[in-house]
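Student: I would like to learn how to read the features of a structure like this one. Can we take them in turn?

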Amino acid sequence: MDVRRPTHVCIFAYVFISGGVSGLSDNNKTYVYITLLRTWVVAQAYCRLHYTDLATIESSDENTMVIRKKSSLASVWISLYRIPWTWSDNSNSLFRNWQFGEPNNVGYESCVCERSTHLWNDAGCQSLKAFISRTAFAPALTKAQNNTHSFILLC
Ligand SMILES: [Ca+2]
């Protein structure tokens, strides 16, 4: 027997397991509640500068996500405006959550806010309101948070 040859072979394996991301909508939106009181146009500019845009809400699940982010008493701008009704990011979503009797365009109401009731109202764009920004993707996670790496020595 040749003593220089190993009697068995060890395999050094690197295992990578993707941890994924949870708690996001299907298109990975996240929402941020901004307490600054701004007109709709200034709120839109703020969101585009610091995040992605004002919040587009395309489903009841996403509306629930917004409700969880904002103060229960706040009336907040979202990205819907008119005419015709258009989302700031050009989403073609037809999801609406109007309060009964809205939109009523009292005066000149071309921008949409979500009231404390969580239902929507068309309001004057010059009103000062807090607002909800959205991001297109989840904030970057560190590798340690997002993935599991393991080394296994198999003999
Ligand atoms: Ca109204």
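Tutor: We will go through the metal site, the cysteines, a helix and the salt bridges. Keep in mind that this is a predicted model.

Student: Which atoms coordinate the calcium ion?

Tutor: For a metal site, start by listing the donor atoms. Here the calcium ion is held by OE atoms of Glu102 and Glu109, OD1 atoms of Asn104 and Asn121, and both O and OD of Asp122, at 2.2 to 2.5 Å. Along the chain these donors follow the spacing E-x1-N-x4-E-x11-N-D. Within that set, Asn104 sits in the loop between strand E5 (86-87) and strand E6 (111-114), while Asp122 is in strand E7 (residues 120-123), 18 residues apart.

Student: What is the geometry of the site of the calcium ion?

Tutor: The angles among the donors decide that. The six donor atoms make angles of 70 to 144 degrees, and the site is irregular. An octahedral site would need opposite donors over 155 degrees apart.

Student: Are Asn104 and Asp122 buried or partly exposed?

Tutor: Burial is read from relative accessibility, with under 20% counting as buried. Asn104 has 35% and is partly exposed, whereas Asp122 has 0% and is buried.

Student: How many disulfides does the structure hold?

Tutor: The thing to look for is a pair of cysteine sulfur atoms within 2.5 Å. There is one disulfide, formed by Cys111 and Cys125 with their sulfur atoms 2.0 Å apart. Its S-S torsion is about 95 degrees, so the disulfide is right-handed. Because Cys111 lies in strand E6 and Cys125 in the loop between E7 and strand E8 (129-135), the bond ties together parts 14 residues apart in sequence. Both cysteines, Cys111 and Cys125, are buried.

Student: Why is Cys113 too far for a bond?

Tutor: Distance settles it. The closest cysteine sulfur to that of Cys113 is in Cys111, and because it is 9.5 Å away, it is too far for a bond. Cys113 is also buried, at 0% relative accessible area.

Student: Where do the buried residues of H1 fall, seen down the axis?

Tutor: To read a helix, list the buried residues and then look along the axis. In helix H1 (residues 40-50), the buried residues include Trp40, Ala43, Gln44 and Cys47. They fall within an arc of 100 degrees, so they line one face of the helix. Their cover includes strand E2 (30-38), strand E3 (53-54), strand E4 (76-81), E6 and E8. Cys47 has a relative accessibility of 0%.

Student: How many salt bridges does a search of the whole structure find?

Tutor: Side chains of opposite charge can pair when their charged atoms come close. The search finds six. Among them, Lys29 meets Glu58 at 2.6 Å, N to O. Lys29 lies in the loop between strand E1 (11-18) and E2, and Glu58 in the loop between E3 and helix H2 (60-69), so this pair ties together parts 29 residues apart in sequence. Lys29 also pairs with Glu62, with the closest N and O atoms 2.8 Å apart. Glu62 lies in helix H2, 33 residues from Lys29 in sequence.

Student: Which residues do salt bridges that share partners join into one network?

Tutor: Take one more bridge before that. Arg82 and Asp122 meet at 2.8 Å, N to O. Arg82 is in the loop between E4 and E5, and Asp122 in strand E7, 40 residues apart. Both Arg82 and Asp122 are buried. As for the network, shared partners join Lys29, Glu58 and Glu62.

Note on methods: Residues numbered from 1 in each chain as written. Predicted model: local features only at pLDDT ≥ 70, side-chain atom pairs only at ≥ 80, totals over all residues. Heavy atoms only, no water. Donors = N, O, S within 2.8 Å, 3.2 Å for Na, K, Ca; no water. Tetrahedral: all angles 85-135°; square planar, octahedral: opposite > 155°, others 65-115°. Helix = DSSP H or I, 4+ residues; strand = E, 2+ residues; numbered from the N terminus. Buried < 20%, exposed > 50% of the residue type's maximum accessible area, 1.4 Å probe, protein only. Arc of directions from axis to C-beta. Contact = heavy atoms within 4.5 Å. Salt bridge = Lys/Arg side-chain N within 4 Å of Asp/Glu carboxyl O.
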